[in-house]
Amino acid sequence: MLHNGKMKEDSYITKQRIDKASLWKGKVLPLARLDMELTERCNNNCLHCCINLPKDDLEAQKRELSTGEIKNILREVVSLGCLSVRFTGGEPLLREDFEELYIFTRKLGIKVLIFTNATLITEHLAELFSRIPPLEKIEVTVYGMKRESYEAVTRTPGSYEAAFKGMNLLLEHKVPFVVKGALLPQNKEEIDEFEKWAAKIPWMDKPLSYSMFFDLRCRRDNGKSEAIKNLRITPEEGLKILTYNRETYFKEMREFCSKFMRPPGDKLFSCGSGRDGGCVDAYGYFQPCLMLRHPGCVYNLRDGSLKDALENFFPEIRKMKSNNPEYLNRCAKCFLKGLCEQCPAKSWMEHGTLDTPVEYLCRVAHAQAKFLGLLQEGEKSWEVEGWQQRIREFVEKES
Amino acid sequence: MEAKVSLDMIYAPSENVVAREVQGEFIIIPITSGVGDLEDEIFTLNETGKSIWAKLDGKKALKDVAGELSQEFGAPVEEIEKDCLGLAEELAKRRMLVEVK
């Protein structure tokens, strides 16, 4: 058939993996990705969690978006071209309308990435995921390989058995999922066992990832934040985990450093937060990213729309600059930006501001930089002149 | 799975897929398992496929679809019939189209 003066192409239909294919050929989608935090409530009570509220917190439940409100947001998601939504929490499966929302989303032609602890996966849900596949691998966080360690973290009797039962149901129904670890003093001796067990899961196509440099409470309920600080791994211990596969680590770091190492300057947002995506929290506030809940950075969707936030609100947020001398003298001049998790969200959780250096993250970045040979003992990254040469030499060095 | 298609057959999009047009790309997204080949893939239609898909309404036979498109594009009907058969075969074998009897 003639199209734009061209005769018919070879194939009518092409398979695409939207995460890998350059489907949009450089075009920018108004909304490329969206996280939806369906609830902050969770049936576990993990020691290190930055967000969880008790599963029976009725106050929180009352404030949550209704089924209809979530459906309206999802309809707008479609109109903005988004193809993939992440359902997270809290524990997203805790919502009584989870199944309804999941089917609704899939029928809109949206892929669903589910973050879960797997404890609430029933035969019925596994069968649903098999019949109507999420089209994204479910991601399950595992808190230990033994009942004692697992439940020492979750502080919920029966959670170990429920989680492994849930994962076995996914296996039986051939529902693709991957696992991730959370490394705490309670389970850190079980890494080898975890790695061996995880390797048997047929869909594990990437190295295991671990959360270990824990975030403090996103809502800044500081009693719990102090407890989380005590669970954080030391930068040196973290380095051991990151370099578990030394060769892969160096290869990835060379590639990473070639792209992302430079001082960020006084602009607060050097990441892509809020540019073509964001996170809707359980109560209808649209945030530039999952972690940033500073009241000045969130947009109430109950009084507006995703489109308005993306076009008018987030661009203003992204223009924000630091005026904190401490930040300007350190973070703004630091070439380790690519290795450091310092960002407005982390600063908010840690200090209640958007631009205060987070010492722990700074120590983690310095430990990595020293290991990679980018810094000498005693050097401070923001004082290094000629950092470009160091990066160049590192990137070009043979492994 | 081979799908036998002929110009007398009538097709409609399966209820097990959703078609979306995003940034000029025409995408078919499987809803249920058994559609397509792998669970994590979506499908895009080329311009020819897109024009034909839009006319598969479960009422018109492929030959009528080809006739309409021939008039719209001013192209030989024989060639468009070949396109209709080709697309219908590709989509039917992936269960993205269903035959309406």
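In chain A, the centres of domain 1 and domain 2 lie 29 Å apart, taken over C-alpha atoms. Keep in mind that this is a predicted model. The predictor gives the complex an ipTM of 0.88 and a pTM of 0.91.

**How chain A is divided**

- Domain 1 of chain A covers 33-247, while domain 2 comes in two pieces, 248-268 + 321-399.
- Where the two domains of chain A touch, domain 1 puts in 17 residues and domain 2 puts in 16 residues.
- On the domain 1 side of that contact, the elements giving two or more residues are α9 (235-242) and α10 (246-260) of chain A.
- Of these, α9(A) supplies the largest share of the domain 1 side, with five residues.
- Sorted by type, the domain 1 side that touches domain 2 of chain A has seven nonpolar, three polar and seven charged residues.

**The sheet in chain A**

- Nine strands of chain A make an open sheet with mixed pairing, in the order β9-β8-β7-β6-β5-β2-β10-β11-β12.
- At the edges you'll find β9 (210-211) and β12 (299-300) of chain A; each has a single partner strand, so one side of each is left without a neighbour in the sheet.
- Strand β2 (residues 33-37) of chain A runs parallel to strand β5 (residues 84-88) of chain A, and four bridges join them.
- One pair to look for there is A:Glu37, whose bridge partner in β5(A) is A:Thr88.
- β2(A) also pairs with β10(A), again in the parallel sense, and over four bridges.
- On that side, A:Met36 has A:Val280 as its bridge partner in β10(A).

- Which way do the residues of strand β10 (residues 277-280) of chain A point? A:Gly277 and A:Cys279 point one way, A:Gly278 and A:Val280 point the other way, and all are buried.
- β10(A) pairs with strand β11 (residues 285-287) of chain A in the antiparallel sense, over two bridges.
- A:Val280 turns up here too, with A:Phe286 as its bridge partner in β11(A).
- The hairpin of β10(A) and β11(A) has four residues between the strands, and A:Gly284 takes a positive phi near 95° in that hairpin.

**Nonpolar cores**

- The largest nonpolar core has 75 residues, and A:Val85 and A:Leu170 have the most contacts inside it.
- Helix α6 (residues 159-172) of chain A gives the most to this core, with six residues.
- Both domains take part: the core draws at least three residues from each of domain 1 and domain 2 of chain A.
- Looking past its neighbours within four places in sequence, A:Leu170 is in contact with A:Ile121, A:Ala126, A:Ile138, A:Val175 and A:Phe177.
- There is also a second, separate core of 25 residues, which includes B:Ile27, B:Ile28, B:Ala66 and B:Leu87.

- A:Arg155 sits in the loop between α5 (147-154) and α6 of chain A.
- Is A:Arg155 buried or exposed? A:Arg155 has 11 other C-beta atoms within 10 Å, so this residue is exposed.
- A:Arg155 and A:Cys46 are 109 residues apart in sequence, yet 6.2 Å apart in space, C-alpha to C-alpha.
- Leaving out residues within four places in sequence, A:Arg155 is in contact with A:Asn45 and A:Leu47.
- A:Cys334 belongs to the loop between α12 (325-329) and α13 (344-351) of chain A.
- A:Cys334 is buried because 27 other C-beta atoms lie within 10 Å.
- Between A:Cys334 and A:Ser381 there are 47 residues in sequence terms, but 5.5 Å in space, C-alpha to C-alpha.
- Not counting residues up to four places away in sequence, A:Cys334 touches A:Pro263, A:Cys340, A:Ser381 and A:Trp382.

**Confidence in chain B**

- Chain B averages a pLDDT of 88, and 92% of the residues score at least 70.
- Among the elements of chain B, strand β1 (residues 10-13) has the highest mean pLDDT (95) and strand β4 (residues 42-45) the lowest (84).

Conventions
Residues are numbered from 1 along each chain as its sequence is written. Chains are lettered from A and ligands numbered from 1 in the order in which they are written. This is a predicted model: local features need pLDDT of at least 70, side-chain atom pairs count only at pLDDT 80 or more; totals for chains, interfaces and linings use all residues. pLDDT is the predictor's confidence in each residue, from 0 to 100. Domain bounds come from an automatic or database domain assignment. Two residues are in contact if their C-beta atoms, placed from the backbone, lie within 7 Å. Ala, Val, Leu, Ile, Met, Phe, Trp, Tyr, Cys and Pro count as nonpolar, Asp, Glu, Lys and Arg as charged, and the others, Gly among them, as polar. A nonpolar core is a set of buried Ala, Val, Leu, Ile, Met, Phe, Trp, Tyr and Cys residues joined through C-beta atoms within 7 Å. A residue is buried if 20 or more other C-beta atoms lie within 10 Å of its own, exposed if 12 or fewer, and partly exposed in between; C-beta atoms are placed from the backbone. Two strands pair if DSSP finds at least two bridges between them.
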